[in-house]
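Some terms below rest on cut-offs. Each is set against the values of the model shown here.

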Amino acid sequence: MHEVAPAPTGFELGTDGPKVVLAGLDGTDSSWRATAYAAGLARRQGAVLAVAYIQPILGAATALAGAAVEETTQEIAEELLAALREAEHRVREVWRVDWKFLTMRGDPYAGLAKLADELRADAVVVGVSEKAGHKVIGSVAVRLVKAGRWPVTVVP
């Protein structure tokens, strides 16, 4: 006869069903598909959908543009929020999901990881990378999966 392992103590993700589904949105087609997938998941599970846009940090080459680039990333955040509100309005007669939009500056991986931890996200949903350079340095999705702290769904 074998011994039964004791139940884990403390906070456990997904214990009573998902409460927060975090979606990364950067305006690419794959990130919009990921957000739609996450919205459906949140709706079916009765969870809150947290949609996050991580505003890129200025690189050395763009540092001279400073305020103009910073203003542009804020405009992108505002455009994404407006598009989310419009999408919610279009489908509100069919289904509803509680959602919130979060934005911060930083590295996309670090930002999503920080938000997932702070929100105690039960799932993280991101789109597949559309950038060629990520095959060398690793995409946000791959880095989130390798962190092994949350279930991660990568949407094509």
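Q: What stands opposite Ala23 in S2?
A: Ala23 stands opposite Val51 in strand S2. The model is predicted, with local features needing pLDDT of at least 70 and side-chain atom pairs counting only at pLDDT 80 or more, while totals for chains, interfaces and linings use all residues. Residues are numbered from 1 along each chain as its sequence is written, and side-chain values use heavy atoms, with hydrogens and water left out.

Q: Why are S1 and S2 said to pair?
A: Two strands pair if DSSP finds at least two bridges between them. Strand S1 (residues 20–24) and S2 have 5 bridges, in the parallel sense, so they pair. Leu22 also has a place opposite a residue of S2, namely Ala50.

Q: Why is S2 called largely enclosed?
A: Buried means under 20% relative accessible area, exposed over 50%, and partly exposed in between (1.4 Å probe, protein chains only). In S2 (residues 48–55), 7 of the 8 residues are buried, so the strand is largely enclosed by the rest of the structure. For the chain, buried residues make up 33% of the 156 residues.

Q: What makes S3 and S5 the edge strands?
A: The open sheet has 5 strands in the order S3-S2-S1-S4-S5, with parallel pairing. S3 and strand S5 (152–155) each pair on one side only. From one strand to the next, the twist averages 20 degrees.

Q: Which strands does H1 touch in packing on the sheet?
A: H1 touches S1, S2, strand S4 (123–127) and S5, where contact means heavy atoms within 4.5 Å. The direction of H1 makes about 150 degrees with that of S4; axes are lines fitted to C-alpha atoms, for helices over the stretch in contact, and angles run from 0 to 180 degrees between N-to-C directions.

Q: How many helices and strands does the chain have?
A: The chain has 5 helices and 5 strands, counted as DSSP runs numbered from the N terminus: helices are H or I with at least four residues, strands E with at least two.
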